[in-house]
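Visitor: I have a structure to read and would like to go through it feature by feature. Where do we start?

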Amino acid sequence: MKLTQLFLDQLDREAPRTRRALENVPKGKDDWKPHAKSMPLLRLAGLVASMPSWVTLVIGKDELDLNPPQGRGVYHQPSVDALLQTLDKGVNDARASLTGTTDDFLLTTKWKLLVSGNIVSEAPRHVVLVDTFSHLAHHRAQLTVYLRLLEQKVPAIYGPSADDQQFA
């Protein structure tokens with residue numbers, strides 16, 4: 001099996017799971033957080049919704065600076081109403097990026113994460129993509145905890161939840 005196909009298949013499995021979690025994000029709780037050190041609900045939901053777009057970033061760019069020079073690379077937080085559109089666009093773009101690249105490119109080229117121009121991580125692109133899917137699962141799980149604490153439905157992700165008995 002080709003590596004690109006492996007990532008496409010994973011994207012196709014993770015996208016509906018992510019959608020089910022995002023569908024339950026309540027309106028009017030944007031700044032809610034379970035602890036003073038926790039991320040606010042809408043920031044977390046926006047992060048989860050936008051993470052599939054990281055696939056395109058990792059394939060199409062050589063690096064990302066988390067603290068770029070002023071006026072460049074500003075993140076735009078989606079509203080609750082735009083979470084699913086953000087997810088869908090990211091998934092569609094990721095699918096196109098994976099379809100348009102090669103295993104050789106993913107295996108032989110590196111990608112960098114920077115902060116204020118300083119490299120904090122550098123790894124082969126295929127490793128960064130694996131980490132991206134793991135990172136998505138982590139933050140999506142965080143989001144489901146927030147949903148539970150807010151008395152919202154927690155969807156089945158990898159198996160049934162107390163609210164959703166389907167095997168996802």
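Visitor: Is Asp164 buried or exposed?

Guide: Buried means under 20% relative accessible area. This is a predicted model, and in it Asp164 has a relative accessible area of 10%, so Asp164 is buried. Asp164 is placed in the segment after helix H6 (125-149).

Visitor: Which residues does Asp164 touch, not counting those up to four places away in sequence?

Guide: Asp164 touches Lys153, Val154, Pro155 and Ala156. With Ala156 there is also a polar pair: a polar atom of the Asp164 side chain lies 3.1 Å from the backbone nitrogen of Ala156.

Visitor: What about Ser161, buried or exposed?

Guide: The same cut-off applies. Ser161 has 13% relative accessibility, so it counts as buried. Ser161 too lies in the segment after H6. The Ser161 side chain reaches the backbone oxygen of Val154 at 2.4 Å.

Visitor: Which residues of the largest nonpolar core touch the most other members?

Guide: The core has 39 residues, and those with the most contacts to other members are Leu22, Val25, Leu98, Leu129 and Leu143. Two or more residues each come from helix H1 (3-22), helix H2 (41-50), helix H3 (53-60), helix H4 (83-99) and H6.

Visitor: What is Val25 in contact with, leaving aside neighbours within four places in sequence?

Guide: Val25 is in contact with Leu41, Ala45, Val80, Leu83, Leu143 and Leu147.

How values were computed. Residues numbered from 1 in each chain as written. Predicted model: local features only at pLDDT ≥ 70, side-chain atom pairs only at ≥ 80, totals over all residues. Heavy atoms only, no water. Helix = DSSP H or I, 4+ residues; strand = E, 2+ residues; numbered from the N terminus. Buried < 20%, exposed > 50% of the residue type's maximum accessible area, 1.4 Å probe, protein only. Contact = heavy atoms within 4.5 Å. Polar contact = N/O pair within 3.5 Å; in protein donor to acceptor, adjacent residues only side chain to side chain. Core = buried A, V, L, I, M, F, W, Y, C linked by side-chain atoms within 4.5 Å.
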